[in-house]
Amino acid sequence: MNYTEIMVRYGELSTKGKNRRSFITQLAQNVKRALQDYPAVKIHADRDRMHLLLNGENGEEIIPKLEKVFGIQNFSPSIRVDKNMPAIRSMVQQIIKTVYQSGKTFKITTKRSDHSFELDSNELNQELGGAVFEVCPEINVQMRNPDINIRVEIRNEGAYLSYETIRGAGGLPVGTGGRGMLMLSGGIDSPVAGYLAMKRGVEIEAVHFASPPYTSEQALQKAKDLAAKIAPYAGSIQFIEVPFTEIQEEIKRVVPEGYLMTVTRRMMLRLTDEIRALRKGLVIINGESLGQVASQTLQSMVAINEVTSTPIIRPVVSMDKGEIIEIAEKIDTFELAIQPFEDCCTIFAPPQPKTRPKLEKAQAYEARLDVEGLIARSMAGLKVSEIADSTVQEEEFSDLL
Ligand code: ATP
Ligand code: MG
């Protein structure tokens, strides 16, 4: 179909009272960014709806982009025709010929904002229903939940017809909720955690710990590819690579096996928090899920979390693995995540980390490390790049820090 416009219905923002204006402005900005390859599209955002005038751009290509913009409940691509009955009838007939399959039911829903139009809504419904029967005599009308609902809106500028309502991504526009640092590994859970945080409006930057040569170039690339998979939900994501080799070697050297994991995580969290402060983030987001592995117990969280008072958001904390995988499949990160490149934790992790580490012991072992020096050297080696979409167009922006 040759769409001329897409009508966008807002999600939860309608309930947000005073914030509504800034939510709509942010959404319009995000839509614009998602459609940057379609510069002719004009965005008109009003209180209740957003209209995207396509101006010749390809609606079919734009639909999958819009499906990834949070803050949209649903949207309807529509076709504008001249405001006269022959043109409207003929388009209604074209639509029904395109979408009709045997046994399907339909109805016509009309709305007349231009009251000077020759027919009122009832007459329009009658007339256009008749047009449908002309080309599709066996079809049945059904007022409640028809399979095909052809909506016709008579506005001053023309008649707008639509017949499908496409579900949006829901949630809140990314950027309305402040910024958080996502601890992004190469696993299944953290990309899902990032996706869920973005869904509630949080803008994320990805922090990834790499320990070359123990971790491979492929492992790093995998984390970047995962970031690229979730980047379309945000427009782009800053990817911050943190050198972690020296820290892991030192921990391995001086900390007993049972506490390797706890101390490693404490160092990761400290670094993430420093980066957060530098990048003006408000919170930290990770992919911890309670009880999933030995290192993810409440006792473990206590022992790790102690290094910062910054709130840590754990979007998948209470989900079962199956539930997390379901989301990972939906956002297409699952296949990538199960590729077998080792990340830094797997390599240095003891076969059996303590499931109930004691905070005091973690602190005592950690005192054997030059924590400040290690952190300072790692911070001096950060690499930032921008990951724009699922094709991974990267640019190095090391001087941004
Ligand atoms: P994931 O599937 O996200 O890797 P996981 O179940 O493997 O999670 P852990 O390996 O215990 O769990 O890691 C817990 C969390 O710590 C991860 O979800 C992630 O947020 C963070 N994390 C672990 N390794 C890294 C890393 N190399 N870089 C950045 N964050 C990491
Ligand atoms: Mg992992």
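This is a predicted model: local features need pLDDT of at least 70, side-chain atom pairs count only at pLDDT 80 or more; totals for chains, interfaces and linings use all residues.
Trainee: How many residues lie between β2 and β3 in the hairpin they form?

Mentor: The two strands are antiparallel, and together they form a hairpin in which the number of residues between them is three.

Trainee: Are α8 and α14 parallel, perpendicular or oblique to each other?

Mentor: Helix α8 (residues 260-278) packs against helix α14 (residues 371-379) with the axes 11 Å apart and at an angle of about 55°. Angles of 65 to 115 degrees would count as roughly perpendicular and those under 35 degrees as roughly parallel; the two helices are therefore oblique.

Trainee: What is the handedness of the crossing of α8 and α14, and how many nonpolar residues does their contact have?

Mentor: The crossing in which α8 passes α14 is right-handed. Among the residues making the contact are Met-267, Arg-270 and Glu-274 of α8, together with Leu-374 and Ser-378 of α14. By class, the contact has two charged residues and one polar residue, while the number of nonpolar residues is eight.

Trainee: Is Gly-194 buried or exposed?

Mentor: Gly-194 lies in helix α5, which spans residues 189-199, and, leaving aside residues up to four places away in sequence, Gly-194 touches Leu-182 and Ile-204. Its relative accessible area is 0%, and because buried means under 20%, Gly-194 is buried.

Technical notes. Residues are numbered from 1 along each chain as its sequence is written. Chains are lettered from A and ligands numbered from 1 in the order in which they are written. Side-chain values use heavy atoms; hydrogens and water are left out. Axes are lines fitted to C-alpha atoms, for helices over the stretch in contact, and angles run from 0 to 180 degrees between N-to-C directions. Helices (H or I, at least four residues) and strands (E, at least two) are DSSP runs, numbered from the N terminus. Angles under 35 degrees count as roughly parallel, over 145 as roughly antiparallel, 65 to 115 as roughly perpendicular and the rest as oblique. A crossing is left-handed if the near helix is turned anticlockwise from the far one by less than a right angle, and right-handed if clockwise. Contact means heavy atoms within 4.5 Å. Ala, Val, Leu, Ile, Met, Phe, Trp, Tyr, Cys and Pro count as nonpolar, Asp, Glu, Lys and Arg as charged, and the others, Gly among them, as polar. Two strands pair if DSSP finds at least two bridges between them. Buried means under 20% relative accessible area, exposed over 50%, partly exposed in between (1.4 Å probe, protein chains only).
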